[in-house]
Amino acid sequence: MIDSLHGEVLQVGLNYVVIECSGVGYRATAASSLLGTLQKGEDARILVTMNVRDDGIDLYAFESDEARQMFAMLRKVSGVGPTSAMAICSIFKPDEFARIITNEDDVELRNVKGIGKRTAERIIVDLKSKVAVFDAGDSASEPQSGVGGDSEADADSGVVGTVTQALVELGFPEKQAEKTATSVAADGGSVSAILKRALRSMSSERN
């Protein structure tokens, strides 16, 4: 069982990273929150989980053990495959996810592409008694503007690229994703908050 990878980052794609370990390049599907922290040519250590299929083995990478646990929980819910689970992990931090589940906020979950009302309700029912491990406390609230490292990142134009990348990963057209990301990023906030506003905007345009 592969638990983590440590080595040089060879490539950072829209929804994956390739890391060389002892001369072997490992490709892992990764959440956008992790991809935004990786740079080609740099040394990195990432946490991974394996998904064994009849025709191969897939790796999924995460920025924290909590995010990896969240992915594992979601995979146990009937109807939630690895793609949908990773999409949810890309949008919500574990503490935010815990708050959503505790508050039974299926609308937030349905903002994720591919998650309908029935699946959202099933996720809430199945995981409501399990998300306390993520401690949905004050840390789930959005950071104040001008405080901490997130505000510096949000001021960087690179945040638009990170949000655009996440939207494309979730299946939205790249041009539309970039336009929406640029528009909603002007209001500031954390990367997670900007991504959620972009999803709401794009979802309303489809309705």
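**Figure 1. The five-stranded barrel of the predicted model.** Five strands close into a barrel with mixed pairing, in the order β1-β2-β3-β5-β4. Strands are DSSP runs of E with at least two residues, helices are runs of H or I with at least four, and both are numbered from the N terminus. Two strands count as paired if DSSP finds at least two bridges between them. Direction ignored, neighbouring strands of this sheet are turned by 55 degrees against each other on average. This is a predicted model, in which local features need pLDDT of at least 70 and side-chain atom pairs count only at pLDDT 80 or more, while totals for chains, interfaces and linings use all residues. Residues are numbered from 1 along each chain as its sequence is written, and side-chain values use heavy atoms, with hydrogens and water left out.

Figure 2. Strand β4 (residues 43-53) runs antiparallel to strand β5 (residues 56-62), and seven bridges join them. The two form a hairpin with two residues between them; R53 stands opposite G56 in β5. Strand β1 (residues 4-12) is also antiparallel to β4, with five bridges joining the pair. Here E8 stands opposite D43 in β4.

**Figure 3. Helices α2 and α3 against the strands.** Helix α2 lies across β4 and β5 and runs at about 15 degrees to β4. Helix α3 lies across β3 (24-30), β4 and β5, at about 10 degrees to β5. Contact means heavy atoms within 4.5 Å. Axes are lines fitted to C-alpha atoms, for helices over the stretch in contact, and angles run from 0 to 180 degrees between N-to-C directions.

**Figure 4. The contact of α2 with α3.** The axes of α2 (residues 65-75) and α3 (residues 82-91) come within 9 Å and cross at roughly 140 degrees. The two helices are therefore oblique to each other; angles under 35 degrees count as roughly parallel, over 145 as roughly antiparallel, 65 to 115 as roughly perpendicular and the rest as oblique. The crossing is right-handed, meaning that the near helix is turned clockwise from the far one by less than a right angle. A67, M70, F71, L74 and R75 in α2 meet P82, A85, M86, I88 and C89 in α3. These residues divide into nine nonpolar, no polar and one charged.

**Figure 5. The two annotated spans.** The UniProt annotation "domain: Helix-hairpin-helix DNA-binding motif class", from an unreviewed entry, covers residues 72-91 and 107-126. Residues 72-91 are 70% helix and 0% strand, with end C-alpha atoms 16 Å apart. Residues 107-126 are 70% helix and 0% strand, with end C-alpha atoms 17 Å apart.

Notes: Nonpolar A, V, L, I, M, F, W, Y, C, P; charged D, E, K, R; others polar. UniProt positions renumbered as here; feature names shortened; annotations may be inferred.
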